[in-house]
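Open the model in your viewer and keep the selection tool at hand. The stops below say what to select next and what is there.

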Amino acid sequence: MTEFQAFEFKIDRRASIAPQINALLHQAIVSVRLKPGQILKERELSEQMEVSRTPIREALLRLADEGLVEIFPQAGTYVSRISVEAVHESQFIREAMEVATVRYAAQTAPPDWLQRTERLVEDYEQAIELGDFEELFELDEQFHRSIAELRYKTRLWKITNSAKSHMDRVRRLSVPYRERRVEIVREHSDVLQAIGERNESKAVAAMRSHLNTVFTDLERVRKEYQEYFVS
């Protein structure tokens with residue numbers, strides 16, 4: 001059996017199955033638990049999740065549309081290797097969206113929102129010492145989601161999250177670098193301080209600077225995990 005047995009795919013039988021399978025496979029790929037270049041076998045995934053092969057196949061087709069999976073007829077299905085161009089595109093889309101949301105936050109953020117978001121920064125700083133990489137990534141996500149949902153709570157973060165899938169794999173691979181984790185605390189603090197000061201231009205500059213660090217992360221990760229990238 002392949003590496004995906006190292007963790008569980010938990011299916012809620014009371015809810016619609018197909019969207020769960022898509023979300024679970026998407027999360028496993030973005031978190032790099034399913035490695036770039038790794039083969040995906042419908043039969044094994046079906047056995048692991050205890051579902052038929054039809055929703056598995058449908059999920060793989062959707063992931064292929066997102067560029068996260070490659071399907072080769074007669075040859076197999078594989079987790080896509082990371083494309084540098086796709087990472088740049090992801091960052092471009094994410095920056096456009098998050099600059100708009102951080103500008104809005106600087107205009108409107110209420111005190112109670114600032115206090116809640118400050119706690120996320122504090123939680124992140126504490127989590128560094130525990131070395132829980134999953135928790136660190138999730139707290140980073142919560143920080144950005146908090147800003148997005150201050151503007152729109154329904155679809156904005158879902159769209160942003162989908163657009164940034166390719167850069168998220170680079171972000172996941174860079175989490176183990178301690179100096180990067182420390183920098184993220186400072187960068188989040190800079191963004192939040194500018195929002196608290198109602199300084200739109202400063203907030204936008206801080207967010208842009210924070211998001212653009214993915215390019216430095218990209219170069220470092222490419223050197224360490226060459227086999228994960230498209231040559």
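**Stop one: a serine in a loop**

Select Ser80: leaving aside its neighbours within four places in sequence, Ser80 is in contact (heavy atoms within 4.5 Å) with Pro36, Gly37, Gly67, Leu68, Val69, Glu70 and Arg169. Ser80 sits in the loop between β3 (76-79) and α4. Helices (H or I, at least four residues) and strands (E, at least two) are DSSP runs, numbered from the N terminus. With a relative accessible area of 4%, Ser80 is buried; the term means under 20% relative accessible area, with exposed over 50% and partly exposed in between (1.4 Å probe, protein chains only).

This is a predicted model, in which local features need pLDDT of at least 70, side-chain atom pairs count only at pLDDT 80 or more, and totals for chains, interfaces and linings use all residues. Residues are numbered from 1 along each chain as its sequence is written, and side-chain values use heavy atoms, with hydrogens and water left out.

**Stop two: α8 and its partner**

Arg169, one of the contacts of Ser80, is also among the buried residues of α8. Select α8 (residues 165-174). Of its 10 residues, 10 are buried, so α8 is largely enclosed by the rest of the structure.

Axes are lines fitted to C-alpha atoms, for helices over the stretch in contact, and angles run from 0 to 180 degrees between N-to-C directions. The two helices, α4 and α8, are therefore roughly perpendicular to each other; angles of 65 to 115 degrees count as such, under 35 as roughly parallel, over 145 as roughly antiparallel and the rest as oblique.

To see the contact, pick Ala86, Val87, Ser90, Gln91 and Arg94 on α4, then Ser165, His166, Met167, Val170 and Arg171 on α8. By class, this contact has 4 nonpolar, 4 polar and 2 charged residues. Ala, Val, Leu, Ile, Met, Phe, Trp, Tyr, Cys and Pro count as nonpolar, Asp, Glu, Lys and Arg as charged, and the others, Gly among them, as polar.

**Stop three: the cavity**

Arg171 leads on to the largest cavity: along with Asp140, Arg180, Ile184 and Asp217, Arg171 lies nearest the centre, out of 18 lining residues. On a 1 Å grid over the protein atoms alone, a cavity is a set of points where a 1.4 Å probe fits but cannot get out, and a pocket is an open set with protein on both sides within 12 Å along at least five of seven lines; lining residues have an atom within 4 Å of a point. The largest cavity holds about 190 Å³ of space. Grid points are joined across faces, edges and corners, and a volume is the space filled by probe spheres set on the points. α10 (200-224) supplies the largest share of the lining, 5 residues.

Select Glu138, Glu141, Arg145, Trp157 and Asn161, which lie nearest the centre of the largest pocket. Its space is about 640 Å³. Which element gives the most to the lining of the largest pocket? That is α6, with 7 residues. The lining has 6 nonpolar, 7 polar and 11 charged residues.

For the second largest pocket, of about 170 Å³, select lining residues including Phe133, Phe137, Arg172 and Leu173. Here too α6 gives the most, with 3 residues. This lining divides into 8 nonpolar, 1 polar and 3 charged residues.
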